[in-house]
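I opened this entry to keep track of what I looked up. My notes follow in the order I took them.

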Amino acid sequence: MSPKEVLEFAKQKEARQFDLRFTDLPGLQQHVSYPISELEEDSFEDGFGIDGSSIRGWAAINESDMLLIPDPTTAFMDPFTETRTLVMTCDVQDPITRQRYDRDPRWIAKKAELYLKTTGLADAAFFGAEAEFFIFDNIRFDQNHHCGFYFIDAEEGRWNSGRQDNNLGYRPRYKEGYFPVPPTDHYQDLRAEMVNTMIDCGLNIECHHHEVATGGQCEIDQRFDTLVKSADNMMTYKYCVRNVANQYGKTVTFMPKPLFGDNGSGMHCHQSLWKNGEPLFAGDMYAGLSQMALWYIGGLLRHARALSAIIAPTTNSYKRLVPGYEAPVNLAYSRRNRSAAVRIPMYSASPKAKRLEFRPPDPSANPYLAFASMLMAGLDGVLNKVDPGESLDKDIYDLSPEEMKNVPSMPGSLEEALGCLEEDHSFLLKGDVFTEELLETYLSYKRKNEADAVRLRPHPYEFALYYDI
């Protein structure tokens, strides 16, 4: 929609307020609301002032004034607010220079798309992300100087099979939730409501199902779209999932590994490049791929350890990325094989369906930064003709220790991942997509507020291991 059409849309829907949304550096969506009378055609150029000093990873207090510029193409009506509210995603500008703000994740994603076009290799990058999540009934946690704990409960959790009261059975066994019909799958209707709500918000949903873990692990798949649009859609996806669950008295988490001993949640990212409406990843090489696609895979695998700090950006991510479990920590590629970091889906012979799936990312990632960084790694592979090596079509988990020595792997901790990014990030700086200043801010934030914060605190299991030592 154009600005004029947005105003007409708001009038038609009887909007009383409008809500402007943007995303901080770690990936949490923020918002500010106004009466609808404050929205005019000039607003789409003049913007709305905010204080950016309190936004995580943003400006210092002496440079805190920011402008939110609504993007009219993102407008939809909020399905959850009692007051009829128009929602728009915003770009962020410096109010003095009117330049785009370099720490705005959406601008980084837009720069990645612009850089792609300047290379002449392609004019569109499509991303289809499959974000998994858990639906719980109760969550308690606390951490202070003398105490630290968490407690999760879920009606669907297998651990409730021995409960005395209100127990009807029908719960997925550990690692056997993929995918029984109701009543074992408790959340068919809830997911359907989530899907309908997303469709009302303009998302294109392909399917939904229960996932492998017990305790309410689910997946809803969106149709692929261009990079920035897919990142916008992921933020709307999370908003809808959380709020529909909340209306039903449930709580949703996108933490990669909330449960010990069962599968974690990933965000497998399907990717492809196109030019002039034609797919560029289809060809007559391995698994029906083109040479460009193989080089793109080479770039992803070469830079995967550095990417991990952005695509698996939490300490909890590395509870999921563990060798021998379900997560693809081994940096190899294969057709159909889900134990490889890069999988080439073989569902369709159509050239338009030819794509690759990068499996290490998880839904704790900021989608703007994650999609942009993966594109930059893939393009670096194409521009430098990086050979991805031989495909690995065996079950990686059945390889001998000698064979495994030749297969590189993802980092084992956030600290290690941040070090990898610090050492290998020149590919992200091309086209000024990421900047040194942005990456320094990101690394500093992650080390101080997450990696060090967790490292310095006693872990509850340490008391079981060491209290009587």
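This is a predicted model: local features need pLDDT of at least 70, side-chain atom pairs count only at pLDDT 80 or more; totals for chains, interfaces and linings use all residues.

**Cis peptides**

I started with P183, which sits in the loop between β9 and α4.

Where does F179 lie? I found F179 in the loop between β9 (148–153) and α4 (188–200). F179 is joined to Y178 by a cis peptide bond, with omega at about -20°.

**Positive phi**

Next I looked up backbone angles. R98 is not a glycine, yet its phi is positive, near 60°. I placed R98 in the loop between β6 (85–93) and α3. Is R98 buried, partly exposed or exposed? Its relative accessibility is 35%, so R98 counts as partly exposed.

N276 is another non-glycine residue with positive phi, near 50°. N276 belongs to the loop between β14 (267–275) and β15 (278–279). I then checked the accessibility of N276. The value is 64%, so N276 counts as exposed; the cut-off for that class is over 50%.

**Helix α3 against α9**

I moved on to helix packing. Helix α3 covers residues 105–119 and helix α9 covers residues 367–383. Their axes lie 8 Å apart, at an angle of about 20°. Are α3 and α9 roughly parallel or roughly antiparallel? Angles under 35 degrees count as roughly parallel, and α3 and α9 are therefore put in that class. The crossing of α3 past α9 is left-handed.

I listed the residues at this contact. From α3 come P105, R106, I108, A109, A112, Y115, L116 and T119. From α9 come Y368, L369, A372, L375, M376, L379 and L383. I sorted the contact of α3 with α9 by class: 13 residues are nonpolar, one is polar and one is charged.

**Helix α3 against α5**

Helix α3 also packs with helix α5, residues 227–247. Here I noted an angle of about 155° and axes 8 Å apart. How do α3 and α5 run relative to each other? The cut-off for roughly antiparallel is over 145 degrees, and α3 and α5 are therefore roughly antiparallel.

On the α3 side I listed R106, A109, K110, A112 and E113. On the α5 side I listed L227, V228 and D232. By class, the contact of α3 with α5 has four nonpolar residues, four charged ones and no polar ones.

I compared the two α3 lists. R106, A109 and A112 are among the α3 residues that meet α9. R106, A109 and A112 are also among those that meet α5.

**Helix α7 against α11**

Then I took helix α7 (residues 304–311) and helix α11 (residues 414–423). Their axes come within 7 Å and cross at roughly 120°. That angle makes α7 oblique to α11. I logged the crossing of α7 past α11 as left-handed.

Which residues of α7 and α11 meet? In α7 they are R305, A306, S308, A309 and I310. In α11 they are E416, A417, L418, C420 and L421. I counted seven nonpolar, one polar and two charged residues in the contact of α7 with α11.

**V32**

V32 is part of strand β2, residues 29–35. Its relative accessible area is 25%, so V32 is partly exposed.

What does V32 touch, leaving out residues up to four places away in sequence? I noted F18, D19, L20, I50 and L68. L68 is 36 residues from V32 along the chain, and the C-alpha atoms of the two are 9.8 Å apart.

**The chain as a whole**

The chain has 14 helices and 18 strands. Its C-alpha trace spans about 65 × 60 × 45 Å along the principal axes. Why compare the radius of gyration with a compact globule? For 469 residues such a globule would have a radius near 23 Å; the chain has 23 Å, so the two agree.

What share of the chain counts as buried? I found 54% of the 469 residues in that class. Residues 24 or more positions apart account for 68% of them.

Notes: Residues are numbered from 1 along each chain as its sequence is written. Side-chain values use heavy atoms; hydrogens and water are left out. Axes are lines fitted to C-alpha atoms, for helices over the stretch in contact, and angles run from 0 to 180 degrees between N-to-C directions. Helices (H or I, at least four residues) and strands (E, at least two) are DSSP runs, numbered from the N terminus. Angles under 35 degrees count as roughly parallel, over 145 as roughly antiparallel, 65 to 115 as roughly perpendicular and the rest as oblique. A crossing is left-handed if the near helix is turned anticlockwise from the far one by less than a right angle, and right-handed if clockwise. Contact means heavy atoms within 4.5 Å. Ala, Val, Leu, Ile, Met, Phe, Trp, Tyr, Cys and Pro count as nonpolar, Asp, Glu, Lys and Arg as charged, and the others, Gly among them, as polar. The radius of gyration is taken over C-alpha atoms; the globule rule is 2.2 Å times the number of residues to the power 0.38. Buried means under 20% relative accessible area, exposed over 50%, partly exposed in between (1.4 Å probe, protein chains only).
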